[in-house]
Amino acid sequence: MAERLLPTPSHTVGPFYGHALPFPDGARIAPQGHPDAISLHGYVYDGAGRPVPDALLDFWQAAPDGSLTGAPGSMRRDPSTGGFLGRNGVDFTGYGRVPTDADGHYALHTLPPGNTGLPYISVCVFARGLTHHLFTRAYLADGPDPLLDSLPAERRATLIATEGANGTKGALGTYRFDIRLQGEGETVFLEFQ
């Protein structure tokens, strides 16, 4: 009789992916100098409220016109090594990848998403200690929305970015969105089936 093997758990995510996965201009989805560019920035915090200095965030969103196709081929490759040279600086890709810095901070430069309903940017979080990446959304406005409406007020607030340079009103086109991996004020994470 053959021994039945049980599946093994996933390995913890990171911190080694940060050496190979980030690419030049990964934080710049919007073409340089675009007049409609916005910034989304914030911190990633662990369960004890400490900044996570080696998280990696993937962002994807609808283009301002609502399309979801991005711009294929906007990533340039080195013909000799095949490595990434960065974006071509002209096309909107709808995708970005940003590591946090030593203080747990990230910043993304993009265009306003044109999805149906409230504008949001999808976020995927990779960090040490996680056995699987986490999915969430950064809403750039508050209002009626099926996902937001299904949450209690305090949980809903964890998905809404605050407009302003430091989370205060005043700096138009700049949004602050902090991600708390667990504990008090934990960000709402989404499960996809």
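**Note on the predicted model**

1. Trp 60 stands opposite Ser 122 in β7. The two strands concerned, β2 (residues 56–60) and β7 (residues 120–126), pair in the antiparallel sense over 5 bridges. The model is a predicted one, and the points below should be read with that in mind.

2. Strands β2 and β7 belong to an open sheet of 4 strands, ordered β5-β2-β7-β8, with antiparallel pairing. The edges are taken by β5 (95–99) and β8; each has a single partner strand, so one side of each is left without a neighbour in the sheet. From one strand to the next, the twist averages 25 degrees.

3. Which residues lie nearest the centre of the largest pocket? They are Trp 60, Gln 61, Leu 68, Tyr 120 and Ser 122, out of a lining of 18 residues. Two of these names, Trp 60 and Ser 122, are the residues that stand opposite each other in point 1. The volume of the largest pocket is about 230 Å³.

4. The elements giving two or more residues to the lining of the largest pocket are β7 and β8. Strand β7 supplies the largest share, with 4 residues. By residue class, the lining divides into 10 nonpolar, 7 polar and 1 charged.

5. The whole structure contains 6 salt bridges. One of them joins the side chains of Asp 142 and Arg 156, with an N to O distance of 2.7 Å. Asp 142 lies in the loop between β8 (134–139) and α1 (146–149), while Arg 156 is in helix α2 (residues 153–156), so this pair ties together parts that are 14 residues apart in sequence.

6. Arg 156 also forms a salt bridge with Asp 149, where the closest N and O atoms are 3.0 Å apart.

7. Asp 142 is partly exposed, at 48% relative accessibility. Asp 149 is likewise partly exposed, with a relative accessible area of 48%.

8. Thr 174 has 18% relative accessibility and counts as buried. The C-alpha atoms of Thr 174 and His 109 are separated by 9.2 Å, with the two residues 65 apart along the chain.

9. For the overall picture, the protein has 2 helices and 11 strands. Read along the sequence, the pattern is β-β-β-β-β-β-β-β-α-α-β-β-β. Of the 193 residues in the protein, 39% are buried.

Methods. Residues numbered from 1 in each chain as written. Predicted model: local features only at pLDDT ≥ 70, side-chain atom pairs only at ≥ 80, totals over all residues. Heavy atoms only, no water. Salt bridge = Lys/Arg side-chain N within 4 Å of Asp/Glu carboxyl O. Buried < 20%, exposed > 50% of the residue type's maximum accessible area, 1.4 Å probe, protein only. Pairing = 2+ DSSP bridges. Axes fitted to C-alpha atoms, helices over the stretch in contact; angles between N-to-C directions. 1 Å grid on protein atoms, 1.4 Å probe; cavity = no way out; pocket = protein on both sides within 12 Å on 5 of 7 lines; lining within 4 Å. Points joined across faces, edges and corners; volume = space filled by probe spheres on them. Nonpolar A, V, L, I, M, F, W, Y, C, P; charged D, E, K, R; others polar.
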